Amino acid sequence: MVLLREKMEEIEHTFEKKDIKIGIIGAGYVGLVTSVGLAYKGFKVLAFEKNVEKLNLLKKGISPFYEPDLQKFLINSINSGRLSFIDEVSQLIKECKHIYICVGTPIKEDQTYDMFFLDSAAREIANHLPQNEQKIIIIKSTVPPGTAKWFKKIIYRYRRNKKTNIEVASIPEFLREGNAIYDFFNPNRIIIGVDNKSIVEDLTQIYHDFPAPIIIVSTTEAELIKLASNAFLATKISFINSISDICEQLDCDIENVRNGIGLDNRIGIDFLKPGIGFGGSCLPKDLNAIISIFKEKQIDPVLFEAVKKINNDRINLIMNKIKKALWNIKGKTITIWGISFKAGTDDIRESPVLKLIPILIKEGANLILYDPKATNNFKNQYPQYSINPSIKITENIYESVVNSNIVVITNDWEEYKRVNLQKIYELMETPIIIDGRNILNHLEISEYGFEYYRIGVNYESS
Ligand code: UGA
C-alpha cells in the first residue's frame, strides 16, 4: 500500500500540460475515473453527465460514489482547471476532437446488453457534428463485439447526406473498483482497437506515456479482448472455488493447495481466492453476455455455463456452513460483515450477500448487517430491508456483534483483520465465525476460543 501511495504522489507531481481537449460522455464509474485520470495526465477534459443530480455533485467536486483517492483527484483536477463538467453534449462534440463514450451497457432480461445509451450517444454525435472536422470516437463502455462498427454506421446513417469525417476506436478499460485510480495510471496493457490505421498515431499521443505496452488490434478484437478477459477471471474464480469444494472432502486446506497451484508462473496466484462467489457490475454481467453471444453464434457456451453454475451454487455452500454451525437457524442472531461485492467499494451490485439475506430471513434469523462503506447504498436501494424488524443495519463493527450467535464474513475489508478479537468474543452470545473470504488468520482466531470455519477446509475431520 505504501508503494501505491508513493506512486500516486509521483503521478500528481509529474503531469505536463497537453494541448488536446478530450470529451467524455458519461461520468459513471469508468467515465469519471477516465476524466480525472486524463486531466491528471495534462489533458483538458470536458465531461458530460445526463443525470442532473449526479452532475450537480460533480460540479461541486463531490464524487457520487466511493472509490479510494477519487475524491482527492476529482477536486484537484477541477481546481487545476483541466476538468469541467457540462450539461450540453453539443458543446463537447463541437469542442473536442477526441470523444470517449463511457455510457452504461446494462444487461437486459434476455441476458444481452442494452445498447440504448450507445445508440443515443451515436445519434447525439450525428446531430451535433460540425462539418469539415475530423472527430475520433473512443468506446470505453463494455460492449459486445461489433459495437464500434455499428456505432460508426449509426452516425453515418443519421448524418444522411451531410459531410462527415469520423473514426471509431475501441479502447477497453480494465480497471478494478477499489483500485481504479491506481489501475488507470498503471495498466498492464493498453488495447487500441481501430479499423483504420490512420488514427493509430493520433491515439497513441494520448497513451504513449503510460507504463504499459500498447497493442494495436481491430475494434472487434478489442471488444472481444475485454469480454474474454472478464470471462477468464470469472473462470479462474470458479475453478478455485471448485477445487476448494474438493479440499473440504479430501481433508486438504485450500490455502496450501492454491499457493501450490499459483506459484506456477503460467497460472499465477492472482484471482485464485476461494470465497462465496464473484459479484459486482462486471464479471456476472459479462459472463451472461458471453454466454448469449456464443448461443447467438451457435457455439456451445458449456465452459461459461459451468462457471456461472459454480458461482451461483456458492450461496448454498455458505448456507450449509451456517446450518451446520448453528444446527437451528430460526430465532438466531446472525451478523453479516460485508454488503458491498468486495472491499474498497460501496458498490453493492450483484453482491453475493444480496442472495443470502432473503434466504436467512426466510429461515427465521435475525440479521445484523455491517459494512465499512456500503450501508447507505443498501438502505437506499433496498428500503424494504430498512423497515424489516428482523434486520438491523449498524455503522459500528462492535455494535454489530452484540449478543450475536454467529458472524458471517462475505467480503474482504481490511478492517475485519484489524478488529479487536477479544472484544468481539466477549460481545457475542456464542462466538462462531464463518469466514466466507478466508481473510482472517485461523491460528489467531482459534487462540481466542472462537469456533471458526472458513472455505476449503474440512472441519469434521479435524
Ligand atoms: C472486474 C475486472 O477485474 C476488471 O479488470 C474490469 O475492468 C472490471 O471488472 C470491469 O469490467 O469494469 P471488478 O468488477 O471491479 O473488476 O472486481 P474484481 O476485482 O474483478 O472482483 C470481482 C468479484 O470477484 C468480487 O466479488 C471479488 O470478491 C471476487 N473475487 C476476486 C474472488 O472471489 N476471488 C478472487 O480471487 C478475486
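Reader: How are H7 and H10 oriented to each other in this predicted model?

Author: The model is predicted, so local features need pLDDT of at least 70 and side-chain atom pairs count only at pLDDT 80 or more, while totals for chains, interfaces and linings use all residues. Residues are numbered from 1 along each chain as its sequence is written, and side-chain values use heavy atoms, with hydrogens and water left out. The axes of H7 (residues 147–159) and H10 (residues 219–250), lines fitted to C-alpha atoms over the stretch in contact, come within 7 Å and cross at roughly 130 degrees, on a scale from 0 to 180 degrees between N-to-C directions. Because angles under 35 degrees count as roughly parallel, over 145 as roughly antiparallel, 65 to 115 as roughly perpendicular and the rest as oblique, the two helices, H7 and H10, are oblique.

Reader: Which residues of H10 make the contact with H7?

Author: Contact means heavy atoms within 4.5 Å. On the H7 side, Thr147, Ala148 and Lys149 take part. Their counterparts in H10 are Thr219, Thr220 and Glu223.

Reader: Which residue in E10 stands opposite threonine 335?

Author: Strands here are DSSP runs of E with at least two residues, and helices are runs of H or I with at least four, numbered from the N terminus. Two strands pair if DSSP finds at least two bridges between them, and five bridges join E9 (residues 333–337) to E10 in a parallel arrangement. Opposite threonine 335 stands isoleucine 368.

Reader: How many residues of E10 are buried?

Author: Buried means under 20% relative accessible area, with a 1.4 Å probe and protein chains only. Strand E10 (residues 366–370) is mostly covered, and of its five residues the number buried is four.

Definitions and conventions: Buried < 20%, exposed > 50% of the residue type's maximum accessible area, 1.4 Å probe, protein only.
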